Amino acid sequence: MPTDRVQARKASVIYAKTLLQAARTSDTVFEVADQLTEVLASFRAAVQLREVLFDASLDAAQRRALAEEAFAGFDVALLGVLGVMIEREDLGLLAKVSELYEREVEDALGIVIIEVTTAVALDEGLREAIRAKYAAQFGAKIALRERLDAALIGGIVLSAHGKRIDASIASQLERTRVTLSNRR
Amino acid sequence: MRKPTTSPVRTWGASLGALRAALSAAVLAVFLATPVLAFASEELAAEPIAAADEASGIGLLIPKLGEWIPMLLGFIILWIVLAKFGWPAFMGMIDKRAATIRDSLEKAELAKLESERLLAEQKAELEEARHLAAQIVADAKAAAEQTRAQITTQAREEAQAMLAKASEAIEIEKKAAIAQLQSSVADLSVAIAGRVIGTELSETQHRAVIERYLAEAGSLNAN
Amino acid sequence: MTATSAAAGTKASAAAGASISAQAIDETLRQQLDAIRMNVEAREVGTVIQIGDGIARINGLRGAMSGELLEFGEEGGKTVYGLAQNLEEDEVGAVLLGDVTSIRENDRVRTTGRIVEVPSGRGFLGRVVNPLGLPLDGKGPIDAEGHRPVEFRAPGVIERQGVSEPVQTGIMAIDAMIPIGRGQRELIIGDRQTGKTAIAIDAIINSKGKDLICIYVAIGQKASTVATVVETLERFGALDYTIIVSASASDSAPLQYIAPMAGVAMGEFFMYTGADGNPASADNPGRHVLCVYDDLSKQAVAYRQMSLTLRRPPGREAYPGDVFYLHSRLLERAVKLSDANGAGSLTALPIIETQAGDISAYIPTNVISITDGQIFLQSDLFFQGQRPAVNVGISVSRVGGDAQIKAMKQVAGSLRLDLAAYRELQAFAQFGSDLDKATQDQLNRGARMTELLKQGRYLPMPVEEQIMAIFAGNQGFLDDLPVFEVTRFRDELLQYLRASHPELGTAILAERKLSEEISADLAEAITAFKAQFAVGD
């Protein structure tokens, strides 16, 4: 159903652009991006939430209220867009919207977002090193989205545009373990 | 062997012919003599009368022509009748009997021949059977020898295969043991390493590691 | 990654040779630690959106290839492999090849840049493995000589040559009338319980000492059935040259789906490499392989399940549209390679189970049209005591005749004619006995020939003995025997010929045809045997 797909894409673009505009006015562009990923993750992992939001026996207003309750404290613009999506039964587009939103952000601000996960917080020198290394590759300014994860033990994990470089000590150790135990 | 048996038949046939000739001669003689005897008896019966009538001696013996001609006629008629009906029947009987005797003699001869042939055949067969038996025994011996050799080699091969399998199994066990040991050593050492690194690394060391890894890291933009 | 694991493999074998000592372990560890390198290349990652029914839907992975191997799970945790199947705009549908339960939504998925490969090599002979090449028989890890991709393009016309050597199954009915050549694809088809597997197992057992590596792929069977097959092969010493690839009924549909491809890939390794481990060429001959897929109907069912859960549109009998292609590309990999490519061969014996003898169902018609002939097994023949229950009337082999030895061709020709005439007349025979002498003779001959072809399980017959037995039938030596005595006569005759006239068999094998002289000697020997054969009651 190509027309369906094209329409879905168009709708997703509209949602993403609207969300970006709203976020830019309230200057919460990156927060919204983070929250959107969070919504998406919980939407995928929590079966009950998904079922409730798709439940046809509840009317749109009820479902919207439920969603607002579940994601209380999130950006108002995001909640608004989510509400519309629920009303129009467009929640299936959430992943697409999230991806398009990040793309729109990058386009609008002329940057590339790189997610950096480390075991200890980065210092300015490291940030600069990362920016310098990847600005050359992407030919754009680099924005870092930093995360801390002690499970990495050490090292760094970088990801952008669906690509991921895993240079953490945890994965090195795992590889070592696999090689040593000669398991395939 | 054949000649002496055939000759009696032939002599018998010859003697039969002779007998037949003799018989017919005798019968003829009897017939010829009959009227004379009849005359004689008549004469004897008529003698007292003739003696009384004309007591001439020899005249009594000579048949009178008037008597003799009907007698001869009767005789001839009897002869013809006998020759026509009696004689062939009689001769037929004789012939038949001769033929039967000849046949049975021939049969006996054939049976004898047959039995002799069978005897020869059986002797030959016996010989052959003895031969065959000897061969079968030889064959069986050869086959048994072959089977024995086969079984021996097979047993040896099997034993060897079993040995090989057993050593293979031991090898496999050893490998498995090594692999298990290896993996548990690896698990343990990695776990320990993780703990040690996690606790021992200082902030600056962490940063140094990150810096080093970052330098080695590849492109994020390549396809 | 491959380099390191290969290095690790050699190290492990080196270690296995030495005795278990702390020193050996220490040394191995050191060597392996040296082999570890930093891997900091960027890899594409996606996220699991949905998981269930053995399939996963993944967001992202734009660069994934169809059939690519995907790695599920965090690198620190347990890794499960999957196979990219549906490539859509934003997501990838993948089937999982391992423990489905350890994967959750939002887990990361990485592409590997490889398609699924299976290990192969001589170490696998005599082993029972799963479709990924992992041992299932508890005999420890297997050292692979090399890896082969599960999906591989079949060789083209130039790389092939005509089928010319026979695969002797040891079953008279097949070797005489439906001969199978090395590199052929011969379908074994029939209802359940008609002896399909028995034919394949007989063929494997009879391959002993014939320079043929056998691969038995069990798809969707009971594990106990597979165990019986393994036990049988072991009992007849056939396991030493056989690999058993088992995806039993309890394995996931994707595993059952790739099992035949994994089996053929393991076979291809032997065909494309010579005995010295280098690629096969004109002076490094490749080896000969026999692949049995038992059975492809179960694979089709597994593929149907996979496709339906991947939401591909169902077609006839709910099979996906490409089920024909699935089987044709698998069977097209059966090949007799040209001399320049090492002249190796891969013979495929696919098995298809029909329902109530219906060969016009979707999968049977597909596979019949792909293969170079079929062996039909019928349950009514089976219950009439005609075993193997091969219906020689509708079984054919389209290329195997070229692979028969001349002597067999000589005797098989008239056997085929006799049986054809017999089948034709059989219908009349039921009307009564007022048939002319010629017809009765033909019926007689046919009945005895049919009887002659009966053969027990696991009793394969060498080709020269088959020839001698059929010769006896052709020459009318059986015509005056009661039908029930024919098999005993045959068995005792062959025993007699083996013991008393071993030169006849060797002469047939040496000359490969029945010369006047051999025929005369053979007729004489049979006459001699018949004279001593006592007909019982």
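**Exercise 1. Chain A as a whole**

Of the 184 residues of chain A, work out what percentage count as buried, then describe the build of the chain.

*Solution.* Start with burial: 36% of the 184 residues of chain A count as buried (20 or more other C-beta atoms within 10 Å of a residue's own, with C-beta atoms placed from the backbone). A word on the setting: this is a predicted model, in which local features need pLDDT of at least 70 and side-chain atom pairs count only at pLDDT 80 or more, while totals for chains, interfaces and linings use all residues. Residues are numbered from 1 along each chain as its sequence is written, and chains are lettered from A and ligands numbered from 1 in the order in which they are written.

Next, the secondary structure. Chain A has eight helices and four strands (DSSP runs, H or I of at least four residues for helices and E of at least two for strands, numbered from the N terminus). Along the sequence they follow the pattern α-α-α-α-α-α-β-α-β-β-β-α.

Then the extent: the C-alpha trace of chain A spans about 55 × 40 × 35 Å along its principal axes. Finally, the domains: domain 1 covers 5–105 and domain 2 covers 110–181, with bounds from an automatic or database domain assignment. Their C-alpha centres lie 28 Å apart.

**Exercise 2. Where chain B touches chain A**

Find how many residues each chain brings to the contact, and which helix of chain B gives the most.

*Solution.* Count both sides: chain B brings 24 residues and chain A brings 28 (two residues are in contact if their C-beta atoms, placed from the backbone, lie within 7 Å). On the side of chain B, α2 (65–200) and α3 (203–216) each supply at least two residues. The most comes from α2(B), with 10 residues. Sorted by class, the side of chain B has 12 nonpolar, eight polar and four charged residues.

**Exercise 3. Two helices of chain C**

Decide how α12(C) and α14(C) are oriented to each other, and name the residues that join them.

*Solution.* Two packed helices are described by the angle between their axes and the distance between the axes. Here the axes of α12 (residues 437–452) and α14 (residues 486–500) of chain C come within 8 Å and cross at roughly 55°. The contact is made by R448(C), E451(C) and L452(C) of α12(C) with V486(C), T487(C) and R490(C) of α14(C). By class, that gives two nonpolar, one polar and three charged residues.

Notes
Axes fitted to C-alpha atoms, helices over the stretch in contact; angles between N-to-C directions. Parallel < 35°, antiparallel > 145°, perpendicular 65-115°, else oblique. Nonpolar A, V, L, I, M, F, W, Y, C, P; charged D, E, K, R; others polar. Buried ≥ 20, exposed ≤ 12 C-beta atoms within 10 Å, placed from the backbone.
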